[in-house]
Amino acid sequence: MKPTNVFDPNYFHKVVDCQWACPAHTPVPEYIRLIAQQRYTEAYMLNWDSNVFPGILGRTCDRPCEPACRRVRTEEKPVAICRLKRVAADHKGDITPYLPRVPTRKNGKRVALLGAGPASLAVARDLLPLGYEVHVFDKDPGAGGMMRTQIPAFRLPIEVLEEEVDLIMDMGVQGHFNYTIDSMRDMLDQGFDAYFIGTGAPRGRDLPNLPGRVESGAHISIGIDWLSSVAFGHTTSISGKVIVMGGGNTAMDCCRTSMRLGAEEVTVVVRSGFDVMKASEWEKEDTIGEGIPIVNNRPPIKFVHENGKLKGVLFQCIEQVADENGRLESVPTGEPDVFMEADHVLMAIGQENHCPWIERDIGIEFDQWDCPILNEETLQSTNPKVFFGGDSAFGPENIIWASAHAHRAAISMHLFCQGEDLLSARPPEGVNLISQKMGMHEWAYDSAHDPAQRFIVPKADQKVALSNIKVEVELGFDEELGLKEAQRCLNCDVQTVFTENLCIECDACVDICPMDCITFTDNGEESDLRGRLTAPASNLEQDLYVSDELKTGRVMVKDEDVCVHCGLCAERCPTNAWDMQKSIFHIPQLGSSST
Amino acid sequence: MSFISKPVVHHPQLGHNDLGLTRRDYEGPISTLCAGCGHDSVSAAIVQACAELSIPPHRFAKVSGIGCSSKTPSYFLGNSHGLNSVHGRMPSVTTGANLANRSLHCIGISGDGDTASIGLGQFAHIVRRRVNMLYIVDNNGTYGLTKGQFSATNDKGSTNKKGLPNLHEPIDLVSMALQIGATFVARSFSGDKRQLVPLIRAGLLHEGFAFIDVVSPCVAFNNHAGSTKSYEYVRGHRDDVVMADFVPTHEEITADYAPGEREDVLMPDGSTLRLRKLEETYDPRDRTKALNYVHDKTLQGEVVTGLLYIDPDASDCHAMLNTVAEPLNSLGEAELCPGSEALDAINASFR
Amino acid sequence: MSAQVSYNDFVIKFANVNGSGSASANGMFAKALFRMGIPVATRNIFPSNIQGLPTWFEVRVSERGYLGRREGVDVMVAMNAETYEEDVASVVPGGYLFYDNSKPLARELVRNDIVEVGIPISEMLLPEFQDPKQRQLFKNITYLGALSALLNLDFDVLKSMIGEQYKGKDALIKPNIHALEIGRNYAMEYLDCPLRVQVRPSDAVGDRIMINGNSAAALGCIYGGATVCAWYPITPSTSLVEAFERYANQLRLDENGRRKFAVVQAEDELAAIGMVIGAAWNGARSFTATSGPGLSLMSEFLGLAYFAEIPAVLFDVQRAGPSTGMPTRTQQSDLLSAAYASHGDTKQVLLIPATPKECFEFAAAALDLADRLQTPVIVLSDLELGMDDSLSEPFVWDDERRYDRGKVYTAEDLDELESYGRYRDIDGDGIGYRTYPGTHPTKGSFFTRGTSRDENAKYTESPDAYIANMRRLERKWQTAAGLVPVPEISRSEPARAYGIIYYGTTEHPMREALDRLAEDGIHLDTMRIRAFPFSQAVFEFVTEHELVFVVEQNRDGQMETLLVSEGRLDSAQLIGVRYFGGLSISADIIAREIRDYFVENKLARISEVTS
């Protein structure tokens, strides 16, 4: 293999699996270290820079970072990254001195952000400090979008939502609420310099053709609409037996909300098997923990009603069988269909982005799945003025993706407004490597591996929680638990950097490495090398770090897969050929606190 | 040395031996030797070899003398008892330990100061006595703990850190062992576990006295240009004569060398020691030729490594002493005390 | 010496040349007396040489049972021309000089106050045996035959001993008996037999046996369960190990003839004690035997065993020092170097036997104590006790007795423990719990070292941990003081003004000396110290007396030093009575020195005794 170029920003970035997995590339280890040092405000701002809504995300994020956490690969549970984010938010001090300054004198460019959800708000935050005049349009009476309408208060208290939403609004966003957008042409006519469409995926999927759907329509609700109605106080109760159809997080929110609004009995019925449900593990756990049964492998056949009065739903019994390609297929089991009583059905079987208000003749082209055709890098649509982000862009995702899109779109909009090329003028990614060696065996980070198991987040008393939709279920880590959990972080951003010409090939690093990551061997092709290492490197998603040829003609090969960054290789290295260096990635972004 | 301890966490695919244990179960607390010390590599090789042999990690007795090398038994086989004795006397203590309980595997660790100077006498005599043990010398040619004086194995002309040459002839422990009648003699290099680990395994299974002289560079005082015990020098001047590949009892022996190149030696426990000759004319069963070969190569500045000599029919001191099979330390009053009746007869014999 | 006939009370001394085969003849002489029921003690005064230098064999014959040395020789068997002069001089007036008159005695050696008994041994043997070497050997048997007539020995006993001696080599029996008869017949025919000094059968021996301390100690090791013995030959300890191996080969074989013991002759004393320590660390009872020079060599290892707390049993059969000193002469001069063997604050447990029986008992006790205290135990014997045959009470073994292996955790114990720390003082006696190597897969292993460590055996240089450890060893020392053999004290009630302390082989002449002193009106309370550390009783004995004599066989008063320093005693209270010439201290010396002290210092004698 060719020697690894550690100055390629992406090489070490991939080693920081959590950050790499985070759509917004939040520098997770860095903020966890700040938490460990009880520097909560700085930890919060580091988050705020990247993902804009640390308090909200600390409660609601889909956490793509956690399955990526290296701890998982050492046969443990991941660091509770998401909940640590909340620790930063809960314990932060006054952040005002850290906030970007918004110039009173504007730059003369006006941008319109359609929808006031997370994507638009993040774009607003990025552009405001550069002097843009930012207008937000939304059908709802307040900003927040799905964060406000689809996430129940027991998961995200309204104060937390409003604090972070208002922070941006107060930077000088001009809000146009209760504003029904029904024509993109009209919006374009308003002559903004650029447009950002962040209206999300507001249409819940329905089963219009299922027998009985129309007749019993009064007792059937679309999950997200129902949640929104609860959020705005239009719906305050639900009675009788409730069936929630669907296996995603919305379904989980629907059933748990139903419980709190007075349902006599709530059951979740899912078409697919339990393991393949879309809902996050922890959402499923919480649901089950609140005593709500989840019934799997039951696709609905029909709604059973008597004269429009819903009686229940008839379900087919299926099972998941792997076909010859190993793909799971639903096959009827032959058992008799199951009838389940219901007074109300909440359908949470998916969402679609839906922009019927965008005329199809104004230069914004859509593909066969009715998604806008976008440049993935710039998020620019076929109408150069119009940019997309969040769920409007590529279909339903989550808040953290919205933030990520927003940063990219904001750069594009800025370049567009300044008349620069959206691709070639984009600021580059970069990496800085800074040695962490402070003494003979002292490092600037807590290098010792903490074998502690993941700490459990305390919860509110269930009785109290189930009786009031506003009582937040999770209490979050207190300071002590937060500090302990923070110590579980492996500091994957502190990289093992190898300098060939210093190495005397004494094997000290090989011997000390607890994870058997390091091998000195003859060079070869990657597939060959992977099999010849001290421990076989079977995780192909993880790179091999290969040195230049050493004096003996061999190379150093390090499997980045399970390195716990304990620094012992560097500590035992007599010549400092190994060093622990913190990698700081420069991911281009506007309007962060550091600009 | 390191400040933090080696984490317990290990590679998820770390292999298990026949006892269901991983190599990590054979480790000890973290070393306090200098970073890069060859001795730590020897310890790591011991750990690996013991794990591969599937001997329970508490069934070893580790004994050492004094010096850097002699500290190492506390850094491997943490579940085994160790005894860090006095300078140069590891052989006698190990002899006693082996006499007391022949069922434990004795590993003696010594250094070139410990063995080739103060302990030269005990070294010679434990060879003669054929104590069933593995005797490893971590040989770095220098006194590390006292900061870099020449040791007795330092080659004549090899320089110290200040550039001053050693004026004295070296003591070659391998030649000595061969001469006095050791039945398993090897030399290896701390920087080559592929060679060292099988040698350790074979040495542990050898019935009788097994000696491995391991050139183990001292990074602090003897790893400079001019030293003949540096990583670079040894790598550049190695002459590997016989690779020993160890094949455990239950593994099928597959012929992966051309006939004539290899030779299988049956070990006492039924396992096989496969010898692969890298030097065609070399015969590891011919003591005299081995001695001559080592001598000639040494004159040429070469470091001969590998399994230099083996007598597969060797026996140990328990056989010579004709002791019972049970460990002596397991015998109780019933087996040991002749009783009052016998004593009356003894009294009578003194009248 | 009166002209009256005396029975069973004399000192006979054989002067021979080393390597001439006299030892077995002389031994037979003593044994014959013993078999006649007469108490005897032998003293072999031999040179550090294999062949050709003077050697003496002294036999104390005492109906009263005095086994110690007495000055003066009643019958001198002068068989070494080289030492005629001093041999003749050592005969008491009226005593006998027995010599080979094949060649006349030089005129200057003639004494008028002694009786010359000349026998032409060589002359008689010249025609009998052609081989000069044989002739030399039979010369010894011939004088033995003559003595049997002169001293009135039971000739049948002698003859039967020849039979025992050469059992299995029957060809040798006849010529030996013949030689015996040549001497006997000559004496009967030409000399006045028996002499005024003679023997007669007695029952004073009782059921006692005649044995030397080294054999006794070897048997003690057999009975005490020692399985490993490592040693390096050194006079006068060699015969201890040889006896152990001999007995073990008789008593410790399994049904297939395999040995339940191991004896290894090491390359030197360092290796010997190293092996002992290695074996003991690994759970076997092990011991070595040596003498002063060996003790010096072993000191470093003894320090390790003390500090690392490894049992070890060492027999120091003392000889005359310093340095190589007089390797074949006796002394009690290793006391201090044994007590404080090794550098640093080291103290070693000592057991000091006085008789073969105690050698047997203390050997077994030492193995128990070493295990119990997890420290070396040194049995301080001496050349006289170790090598010379002497009367001894027969040995006794209680079949119910179990070995005290001390505090050792088994695998089952460890399973039940939450955590294990090698040097934790759980019981407050300063002794931790050991584990044998290989006991448990995951618990109880530790690293034994001579460097400082904490109570979990983890290396540390912490002053607090170091001090705590040293203090614990001090507590252990106190525990030891309560476990070692107590002193043997004989005192009147209330205590007399004066006492006398002695130890080891001084026991033998002490009874005789005390009897003689009593005849002079000097009565002393006595204490025989049998171990170190000293119990409180030892110090109390000193403090409750105005003056205490301390009798020892060294120049510097090592026991006195030890008493003063360990007990913080007033040194003015202690009066040394010392002899260190390499022979064992005699009753004469003890009695004379004490009497002189009384006279010089005008000390009051007990009034009821006539002076």
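Me: How many bridges join β18(C) to strand β20 of chain C, and do the two run parallel or antiparallel?

Reply: Two strands pair if DSSP finds at least two bridges between them. Helices (H or I, at least four residues) and strands (E, at least two) are themselves DSSP runs, numbered from the N terminus. Here β18(C) is joined to β20 (residues 525-529) of chain C by three bridges, and the two run antiparallel. S490(C) has T526(C) in β20(C) as its bridge partner. This is a predicted model, in which local features need pLDDT of at least 70 and side-chain atom pairs count only at pLDDT 80 or more, while totals for chains, interfaces and linings use all residues. Residues are numbered from 1 along each chain as its sequence is written, and chains are lettered from A and ligands numbered from 1 in the order in which they are written.

Me: In which order do the five strands of the open sheet in chain C follow one another?

Reply: The order is β18-β20-β19-β22-β23 (chain C), with mixed pairing. At the edges are β18 (488-490) and β23 (574-578) of chain C, each of which pairs on one side only. From one strand to the next the twist averages 20°.

Me: Which helix lies across β22 and β23 of chain C?

Reply: Angles run from 0 to 180 degrees between N-to-C directions, and axes are lines fitted to C-alpha atoms, for helices over the stretch in contact. Helix α19 (residues 587-600) of chain C lies across β22 (547-552) and β23 of chain C, and runs at about 145° to β23(C).

Me: How is the packing of two helices described?

Reply: The description uses the angle between the two axes and the distance between them. In chain C, the axes of α9 (residues 269-281) and α10 (residues 292-308) come within 8 Å and cross at roughly 30°. That makes α9(C) roughly parallel to α10(C).

Me: Is the crossing of α9(C) and α10(C) left-handed or right-handed?

Reply: A crossing is left-handed if the near helix is turned anticlockwise from the far one by less than a right angle, and right-handed if clockwise. The crossing of α9(C) past α10(C) is right-handed. Residues count as in contact if their C-beta atoms, placed from the backbone, lie within 7 Å. On the α9(C) side the contact involves E269(C), L270(C), I273(C), G274(C) and I277(C), and on the α10(C) side its residues include L297(C), M298(C) and F301(C). By class, this contact has nine nonpolar, two polar and one charged residues. Ala, Val, Leu, Ile, Met, Phe, Trp, Tyr, Cys and Pro count as nonpolar, Asp, Glu, Lys and Arg as charged, and the others, Gly among them, as polar.

Me: At what angle do helix α3 and helix α5 of chain B pack?

Reply: α3 (residues 90-100) and α5 (residues 120-129) of chain B pack at about 30°, their axes 8 Å apart. α3(B) is therefore roughly parallel to α5(B). P91(B), S92(B) and T95(B) of α3(B) meet residues of α5(B), among them F123(B) and I126(B). The contact comprises three nonpolar, four polar and one charged residues.

Me: Which chains share the most contacts?

Reply: Two pairs of chains are in contact, and chains B and C share the most contacts. Chain C contributes 54 residues and chain B 49 residues to their contact. α9(C) gives the most to the side of chain C that touches chain B, with nine residues. That side divides into 31 nonpolar, 13 polar and ten charged residues. Strand β2 (residues 81-84) of chain B is joined to β17(C) by three bridges, and they run parallel. Opposite G82(B) stands F447(C) in β17(C).

Me: How far apart are the nearest C-alpha atoms of chain A and chain C?

Reply: They are 19 Å apart, and the two chains do not touch.

Me: Where do the domains of chain C lie?

Reply: Domain bounds come from an automatic or database domain assignment. For chain C it gives domain 1 (6-198), domain 2 (210-392), domain 3 (411-483) and domain 4 (488-600). The centres of domain 3 and domain 4 of chain C, taken over C-alpha atoms, are separated by 39 Å.

Methods. Angles under 35 degrees count as roughly parallel, over 145 as roughly antiparallel, 65 to 115 as roughly perpendicular and the rest as oblique.
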